[in-house]
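User: Could you take a close look at one helix for me? I'd like to see how it sits in its surroundings.

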Amino acid sequence: MAAVLALVGPTPVVEVPLGGADGLVLAREAVSAVDLPPWDNSAMDGYAVHAADVAAAAPDAPVVLPVVADVPAGDVRRHPPVPAGSVARIMTGAPLPPGADAVVPVEHTDAGLPRVRVDRPAQPGAHIRRRAGDVRAGQVLLPAGTLLGAAQVALLAATGHAVVAVHRRPRIAVVATGDELVAPGQRLDHGQIHDSNGPALAAALRAAGAEVVAVERSGDDAPALLALLERCAAGADLVVTSGGVSAGAFDPVKEALAGLPGAQFVAVAMQPGKPQGLARVAGVPVVTLPGNPVSVLVSCELFVRPAVRRLRGLAATARPTTSAVLTTDMTSPAGRRQYARARLDRTAEPRTVAPVGGAGSHLLGALALADALLVVPEDVTTLSAGSVVTVLDVADER
Ligand SMILES: Nc1nc2c(c(=O)[nH]1)N[C@H]1C(S)=C(S)[C@@H](COP(=O)(O)OP(=O)(O)OC[C@H]3O[C@@H](n4cnc5c(N)ncnc54)[C@H](O)[C@@H]3O)O[C@H]1N2
Ligand code: MOO
């Protein structure tokens, strides 16, 4: 993972309309130019009063006062001070007229106009939301590096930000390699299969926060593949390939990239996802994932997702791990850390985890039912039901 991360940094800073900024990451701290609330205002529908006028009000001794003004929310008039001995009718969020120092909720009155009966006292300051009680002008609202979600967008909108400086959504191109690949929906000849890695990587990368700018298929001709990678690199921050990196007689990805500076192909002691590689094409990092359909998604999760986070301007962290109780016995290959596909019961106490399907890197049926990866260390070859194991929680939504 470190080798992949070393190739990427946050994408360039762009100014985008706030309305389209959710899911992006602030590139600069956001500062408020205004106080929030901008003026003292009412927290209740009711009457703005002088607290002293209603100090003795009670259900059996109501105080009757004249209503000298009506202040709805959105009222842009500047009202004169409310004289002592009178009140203004006021709605939630409306500016408190000068003079008044408390709000009596309408429930504690007869809702009257032009005179109102108030049957409860109010402490000075009651139901008043003070100017700058939330945010002060000049205050840092959000530091650089903040992921913008609904609450952050609300704060930026409330403080009047129409555009925000964010890291541009990372552009990633996907290239699935293999002469056997045919687009889903097309007829298969003997020896051909539908390309699942292309669509799968595109989905995983989008879920990680990337913009997928191309999903290409390439045959096994290395020069043609290199030309395709160069075209993809021209419009991308990162290119991700699948297939063609193991020990076969036709491993075009290796062949296409091997001569490039910085290219490296390694066997990682994990299962699935052993053969891995990376290179730069025209300066753009290319991560070469193995072709087996389970391997490609597990490797994308472990190696590419953190890199996408870094490109977005976030910390390049992995997903959270959790402990769970294994529900069945299982085995694991010696010398390779296994990421077994599993289902995690998040409602059980303690949590339980059950492997789904076998260890084969072609077992897409089981992968699609899994929502977690059960991590079995390199030196562990058998695990019994009841053991406490580490689980990577990879579910995006559940
Ligand atoms: N002699 C050895 N053979 C293999 C080794 C090894 O060490 N020595 N490693 C195995 C492991 S582990 C993996 S993983 C695979 C990785 O191979 P490649 O990255 O070269 O991938 P391919 O050979 O192109 O394909 C492997 C497998 O996946 C299918 N595939 C490929 N692309 C797609 C796609 N886009 N959609 C659906 N399925 C795809 C392909 O048809 C193969 O069945 O190598 C092992 N072999
Ligand atoms: O390591 Mo490969 O990725 O098992 O199938």
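Analyst: Domain bounds here come from an automatic or database domain assignment. That assignment gives domain 1 (41–129), domain 2 (171–312) and domain 3 (321–393). Before we zoom in, a bit of housekeeping: this is a predicted model, where local features need pLDDT of at least 70, side-chain atom pairs count only at pLDDT 80 or more, and totals for chains, interfaces and linings use all residues. Residues are numbered from 1 along each chain as its sequence is written, while chains are lettered from A and ligands numbered from 1 in the order in which they are written.

Now to helix H4 (residues 222–234). Helices (H or I, at least four residues) and strands (E, at least two) are DSSP runs, numbered from the N terminus.

Which residues of H4 are buried? They're Ala222, Leu225, Leu228, Leu229 and Cys232. Buried means 20 or more other C-beta atoms within 10 Å of a residue's own, exposed means 12 or fewer, and partly exposed is in between, with C-beta atoms placed from the backbone. Looking down the axis of H4, the buried residues fall within an arc of 120° (using directions from the helix axis to the C-beta atoms), so they line one face of the helix. The face turned away from that buried side carries the exposed Pro223 and Ala234.

And what covers the buried residues of H4? The cover includes helix H5 (252–257), plus strands S12 (171–177), S15 (211–218), S16 (238–242), S19 (275–281) and S20 (284–289). Contact here means C-beta atoms, placed from the backbone, within 7 Å.

Definitions and conventions: The expected span of a helix is 1.5 Å times one less than its number of residues. Two residues are in contact if their C-beta atoms, placed from the backbone, lie within 7 Å.
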